[in-house]
Each structure stands twice: as C-alpha cells, then as structure tokens.
Amino acid sequence: MARVPGTTDGAEFGDLLYWSTTAGTVVAQTSVVASGIYAYSLQATYTNCSKSIPAASEYYFRFRFRTRDYNTDVIKWRAGATILGGVYLESTTGKWQVWAWGQPMVASTIICPLDTWIMVEVHVKIDDSNGIIELRLDGVDDISFNGDTKPGADTTIDNFLLVYNLSWLYYDDFAVND
C-alpha cells in the first residue's frame with residue numbers, strides 16, 4: 001500500500017480549524033489536557049466532529065483519550081456518511097471493543113480507566129477477507145482482529161468521526177498515518 005500523507009494536531013491553536021465539521025459543543029479547552037495548553041472536549045448530547053482524510057483502504061490513528069463514563073464511541077471511521085467501523089467502550093464493563101458492520105468484533109480484557117489519559121492506537125485495513133482492526137492501549141497490544149472489515153461496497157476510509165454519547169470526552173495529540 002502506498003502511504004497516505006499524515007496529519008497531526010494537539011489543539012494547540014486553541015480553535016477548531018483542524019476539524020472538517022463540528023456540531024454541538026466541541027471545545028478547544030485548557031482545563032483538562034494531556035500535553036501542551038489545549039485539548040479538545042465534546043461536552044453535550046448530539047456533539048460530534050469529523051476530519052476528512054485522503055481516501056485509502058488502510059489507516060493508523062493515534063490519540064490521547066479521556067472519559068468520565070463508559071458507554072461511548074471513542075472513534076469511528078467512515079466512507080462519506082457510512083460508518084465502516086469503530087472503537088467503543090462497553091457500557092457495563094468499561095472494556096474496549098472494536099466493531100465493523102454495526103456489530104462488535106472483538107472485546108478487550110482491559111478496562112478503560114476513568115478520568116485518566118490513555119494513548120489509543122488503532123490500525124484499520126478495509127477488506128472482505130484480509131481486513132485488520134488492531135488496538136493498542138498505552139503501548140500494549142490489546143486487540144487484533146483479522147477478517148472481514150468491509151461492511152458493504154465501500155473499500156476506503158475518507159474521514160473519522162468523534163461522537164459524544166453520554167459522557168464528556170477529551171482528545172489530545174492526534175496523529176493520523178504519522
């Protein structure tokens with residue numbers, strides 16, 4: 001695969017210009033940060049932000065993440081408005097899950113620590129039979145799924161989405177294909 005140019009952002013400009021779209025209460029704030037002065041927070045129901053990226057079948061995402069509660073999407077990857085997969089925190093156990101075609105594929109044994117920054121690294125390859133979803137947490141390999149990650153006709157990822165569900169979410173230090 002030819003490497004798609006990467007993008008990085010740590011919210012340090014104190015604005016939302018990194019994001020292609022925002023809706024609801026997305027804030028570059030200074031009270032809860034992993035590094036630097038600013039980090040992003042999603043603070044209200046129906047809040048989301050997305051970042052357009054060059055269409056490719058394989059991506060690496062890395063970011064710092066913090067939540068106050070479980071039952072939340074952490075990141076979703078999409079083709080246009082079609083959700084291809086994502087990382088989710090299960091509501092009762094707080095365990096990480098990766099999913100594709102709208103259903104959980106693999107659950108983690110690691111519980112997400114509340115109110116604590118954690119480095120999340122995700123490797124995704126969209127394919128009918130040789131697809132990959134890998135999750136690494138604070139440098140520890142946690143989930144490795146190999147199989148069908150192509151839920152329909154879409155063969156490439158062209159944006160990623162962060163969505164507020166029921167808890168304030170914080171993000172910092174994004175790197176995509178970097």
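**Entry 1: the pocket**

Which strands each supply at least two residues of the lining of the largest pocket? I started there, working from a predicted model. I found four names to write down: β6 (58–67), β11 (118–125), β12 (131–137) and β13 (140–147). I then looked up which of these strands gives the largest share of the lining, and it is β13, with 4 residues.

Next I noted the volume. The largest pocket holds about 220 Å³. Its lining is made of 16 residues. I listed the closest to the pocket centre: Tyr60, Glu121, Val122, His123 and Arg136. I also sorted the lining by class. I have 7 charged, 6 nonpolar and 3 polar residues in my notes.

**Entry 2: the sheet**

I turned to an open sheet of 7 strands. I traced its order as β2-β5-β14-β7-β8-β9-β10. The pairing is antiparallel. From one strand to the next, I have an average twist of 20 degrees.

Why is one side of β2 and of β10 left without a neighbour in the sheet? I checked where they stand. β2 (21–23) and β10 (103–111) are at the edges, and each has a single partner strand, so one side of each has no neighbour in the sheet.

I then followed β10 to strand β9. I placed β9 at residues 95–100. The two strands run antiparallel, and 5 bridges join them.

**Entry 3: Ser50**

I went back to the sheet order and picked β5, which sits between β2 and β14. Ser50 lies in this strand, which covers residues 48–56. Is Ser50 buried or exposed? I looked up its relative accessible area and got 4%. Buried means under 20%, so Ser50 counts as buried. I also found a partner for its side chain. A polar contact of 2.5 Å joins the side chains of Ser50 and Thr21.

**Entry 4: Gln29**

My last stop was strand β3, residues 26–29, where Gln29 is found. The relative accessible area of Gln29 is 8%, and the limit for buried is under 20%, so Gln29 is buried. What does the side chain of Gln29 reach at 2.7 Å? I followed it to the backbone oxygen of Val32.

Methods
Residues numbered from 1 in each chain as written. Predicted model: local features only at pLDDT ≥ 70, side-chain atom pairs only at ≥ 80, totals over all residues. Heavy atoms only, no water. Pairing = 2+ DSSP bridges. Axes fitted to C-alpha atoms, helices over the stretch in contact; angles between N-to-C directions. 1 Å grid on protein atoms, 1.4 Å probe; cavity = no way out; pocket = protein on both sides within 12 Å on 5 of 7 lines; lining within 4 Å. Points joined across faces, edges and corners; volume = space filled by probe spheres on them. Nonpolar A, V, L, I, M, F, W, Y, C, P; charged D, E, K, R; others polar. Buried < 20%, exposed > 50% of the residue type's maximum accessible area, 1.4 Å probe, protein only. Polar contact = N/O pair within 3.5 Å; in protein donor to acceptor, adjacent residues only side chain to side chain.
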